[in-house]
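Morning, everyone. I'd like to walk you through one structure today. Please have a look at it first.

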Amino acid sequence: MKKASYFFLLLCLIFAVSCKGEQKETETKEPTQMERVMATHDEVMPKMSTINKLITELETKVDTTTQGVEYGKAVNELKDANKQMMDWMGGFVARFNSDEITKGKALSEEKQLWLDKEEEKVIAVKDKMNGSIERAEALLGK
């Protein structure tokens with residue numbers, strides 16, 4: 001049930017982002033902090049499938065040998081990165097509404113402080129995901 005809830009939240013977030021109005025091509029502006037946060041999310045979200053594939057591949061190699069234990073550590077690291085992403089998304093959509101995320105609606109002072117923290121969190125999630133993928137692939141010789 002918990003996975004279904006996260007999946008629903010994920011779909012809502014993706015839907016909200018995909019419904020964003022198109023920006024005029026002639027407009028060139030610096031991205032807002034919210035746009036930067038969402039761009040970071042959008043950059044690493046597709047890597048969730050890579051994480052799941054690596055987990056599946058590594059789990060077949062886990063045993064009590066030294067190498068098998070290393071595979072187990074890599075699986076745990078990948079699962080932790082996956083959980084951090086899911087937790088971040090759940091917390092993010094609980095704090096901000098679709099107008100704030102997709103339409104640039106002004107944030108209250110409290111929400112601006114939250115966004116500062118969310119930007120730090122999503123960067124940490126990105127680093128965790130990329131690092132765990134790199135280590136797992138290196139372990140597998142990819």
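Predicted model: local features only at pLDDT ≥ 70, side-chain atom pairs only at ≥ 80, totals over all residues.

Residues are numbered from 1 along each chain as its sequence is written, and side-chain values use heavy atoms, with hydrogens and water left out.

Start with helix α2, residues 33-44. Helices here are DSSP runs (H or I, at least four residues), numbered from the N terminus. Buried residues in α2 include Gln33, Met34, Val37 and Val44. Buried means under 20% relative accessible area, exposed over 50%, partly exposed in between (1.4 Å probe, protein chains only). Down the axis of α2, the buried residues fall within an arc of 155°, so they line one face of the helix. The arc is taken from the directions from the helix axis to the C-beta atoms.

Now the salt bridges. The structure holds 13. The criterion is a side-chain nitrogen of Lys or Arg within 4 Å of a carboxyl oxygen of Asp or Glu.

Arginine 135 pairs with glutamate 77, closest N and O atoms 2.4 Å apart. Arginine 135 is in helix α6 and glutamate 77 in helix α4, so the bridge ties together parts 58 residues apart in sequence. Arginine 135 is partly exposed, at 46%. Glutamate 77 is buried, at 18%.

Last, lysine 121 and glutamate 118 form a salt bridge at 3.4 Å. They sit three residues apart in helix α6, about one helical turn. Glutamate 118 is buried, at 2%. Arg95 joins Glu118 and Lys121 in a salt-bridge network.

Note on methods: Helix = DSSP H or I, 4+ residues; strand = E, 2+ residues; numbered from the N terminus. Expected span 1.5 Å × (residues − 1).
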